[in-house]
Amino acid sequence: MNTIMQFASKLMKSLATNAASEVHKFHGGVHPNEHKHESTTRPIAQLPIPETLTLPLRQHVGYIPKLKVKVGDYVLKGEMLAEAEGTVSAAIHAPTSGTITAIAEAIIPHPSGLPDMCVSLQPDGKDLWKPLAPIDWKHTAHNELIASLRTSGIVGLGGATFPTHIKLRKDGASAIHTLIINAAECEPYITCDDMLMRERADEIIQGIAIAQHLLGATTVVIGIEDNKPAAAHSMTAASQTLVNVAVTTVPTLYPSGDARRLIHLLLGVEVPHHKRSIEVGVQVFNVATVLALYRYFTFGEPSISRIVTVTGNVASPQNFEVLLGTPMPLLIAAAGGAKADTTHYVMGGPMMGFDLPSLNVPVTKAANCIIAASPNLFAPPPPAQPCIRCTRCADACPVNLQPQELYWFAKSDNFEKARDYKLFDCIECGCCTYVCPSNIPLVQYYRYAKSEIIALDKAQEAADLARERNDFRLARIEREKMERAQKHAERAAAAKNNAAQPESAEADKAASNPDAVEAKKAAIAAAVERAKALKLAAASGDAANAGNEQPPAEQSSNETKPDSTTIVDSDAQAKIDKKALIAAAMERAKAQKLAAAQAGAAPKNTENLSAKVKAEIDEIEAIRTKAQKMVQDKTPD
């Protein structure tokens, strides 16, 4: 039975190898001078612990981690200094034991040359580990493994520095069937992955098994360029312990190490520009990344070091295993020091790397190679000439773009047209710049256009957000206005109903009392009689005035000389009329008061009054009563 199982395993491996050995060429690409042999003649060396370690918080794609330490804290090797915050983030750990001496801004290896927040650690030389806890990844739930991996600080060590725990999460909408290990290392000068595969192939294969388990992939393909025969041999021998793992050599052509280009080379699958590789069932990892997975799950070690190639214009190019945060001058010194004609230093490769703003920067998770540049290795670029539209850039573009058109759009700030021509599909590999006979720095134009478009998109997004917030504010104000109007209408209707109910009740009560009705009728009859009397008196006065009329001349004479007796009679008559009116008003008031008393009605609007208001009302009533009594005393019988 064992013999049959072994035969079946070898057969499946042979089929997988034959299927994967077929290479599908991609469009374009270039083959610059490699300069790899210089740094592969010596094994990987271990750099000693430096006197000071400077750890930038920004060492990965995504959010900056949240600090967990303060100045003066003593930390052990592997202890977390900053925890991942947000979905896309990675933790930072202490590369050795020591004391936190500073948390401040410092220059970091970045194209901008700007300072960023860093943690300074002074090692104590003891190199004491914190208690480590290996994880049984074969018998632990997937979500627990991913949650634990989030605290490891492991990111893509091929240069992208994307947090690894995100790439290993299972997406319900995408099932991973193939895991590709990117061992192409296509960029000139860089050899850290090559030496890693030569010396630690067994550990890499065990890391591949962990990644395959987490992804649930059924097939693994390891892609290695054909200029690394020693690495390919080591990986082929080590991969015999796994099933459905194939080692495939690909042509040495830059940029075969790009994830989409490597997928096309190995599988013949073209990943659409608007999709990710996981949407076609493929995931890609760098060899150094899967090695870090093995170290974490097997020994509990977080990401605290990496392999760095030091080459170029140095005395002894070599690869070193370096603690993160190590100053760059120590690396250069370990490689024999830079030669006298060194002009500057490049981090990364000559195609996609960038000039360091200063040599006094620390090693980060993205630092896979440091090149000492000189005029012999990197001649100053000649001045750019006008574009001759030779289309060599289009022939070399691995993404099948039109670089010359993108150049014109970027130069004229025609960003919308550049976007229409798929500017953001450009991987900035530099092939177009490499082959341009006019020496135009095309990639620099594309980076400029991308940054401007991103800035415009952010400004537009902010404007849209502000407009949306203003529209919401206006809608809220209008809604509150309508709600207030509705409340006021409801209150007015309620008040009207409440006022109508007592009046109707009072009218019903008065109608049900016969005495009150009779009293009211008597008061009305008295008022009518008084009105008739007043009317009769007024008519008598008019008749008297008509009898006393005189001719105009006499009247004017009389007006000029009025009779004193007539004036006295008029004043007396006016007083009598006034007293009659007052008496009539009093009679009406008495009649109304009597009717109210007989009906039992209480004065209106006297409920729920304070003691002070009631006292004032009583005082006014007393004054009114006294005035009425005085008027009655003066009125003749």
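Colleague: Which residues does isoleucine 208 touch, not counting residues up to four places away in sequence?

Modeller: Isoleucine 208 touches Leu179, Ile181, Val220, Ile222, Met235, Leu242 and Val290 on that count, where contact means heavy atoms within 4.5 Å. Please note that this is a predicted model, in which local features need pLDDT of at least 70 and side-chain atom pairs count only at pLDDT 80 or more, while totals for chains, interfaces and linings use all residues. Residues are numbered from 1 along each chain as its sequence is written, and side-chain values use heavy atoms, with hydrogens and water left out.

Colleague: How many residues has the largest nonpolar core?

Modeller: That core has 57 residues, and Ile208, Ile222, Met235 and Phe297 have the most contacts inside it. A nonpolar core is a set of buried Ala, Val, Leu, Ile, Met, Phe, Trp, Tyr and Cys residues joined through side-chain atoms within 4.5 Å; buried means under 20% relative accessible area, with a 1.4 Å probe and protein chains only. A second, separate core of 19 residues includes Tyr407, Phe415, Cys426 and Tyr446.

Colleague: Turning to helices, at what angle do α4 and α6 pack?

Modeller: The angle between α4 and α6 (residues 229-238) is about 40 degrees, and their axes are 8 Å apart. Helices here are DSSP runs of H or I with at least four residues, and strands are runs of E with at least two, numbered from the N terminus. Axes are lines fitted to C-alpha atoms, for helices over the stretch in contact, and angles run from 0 to 180 degrees between N-to-C directions.

Colleague: Which residues make that contact of α4 and α6?

Modeller: Asp194, Met197 and Arg198 of α4 meet Ala230, Ala231, Ser234 and Met235 of α6.

Colleague: And how close do the axes of α4 and α8 come?

Modeller: The axes of α4 (residues 192-199) and α8 (residues 287-299) come within 9 Å, crossing at roughly 50 degrees. On the α4 side are Asp193, Leu196 and Met197, and on the α8 side Val287, Ala288 and Leu291.

Colleague: Now the backbone: which peptide bond is cis?

Modeller: The bond from tyrosine 254 to proline 255 is cis, with omega near 5 degrees. Proline 255 lies in the loop between β11 (245-250) and α7. Most peptide bonds are trans.

Colleague: Where is glutamate 185 found, and is it buried or exposed?

Modeller: Glutamate 185 is in the loop between β9 (178-183) and α4, and it is buried, at 10% relative accessible area. Its phi is positive, about 45 degrees, although it is not a glycine.

Conventions: Buried means under 20% relative accessible area, exposed over 50%, partly exposed in between (1.4 Å probe, protein chains only).
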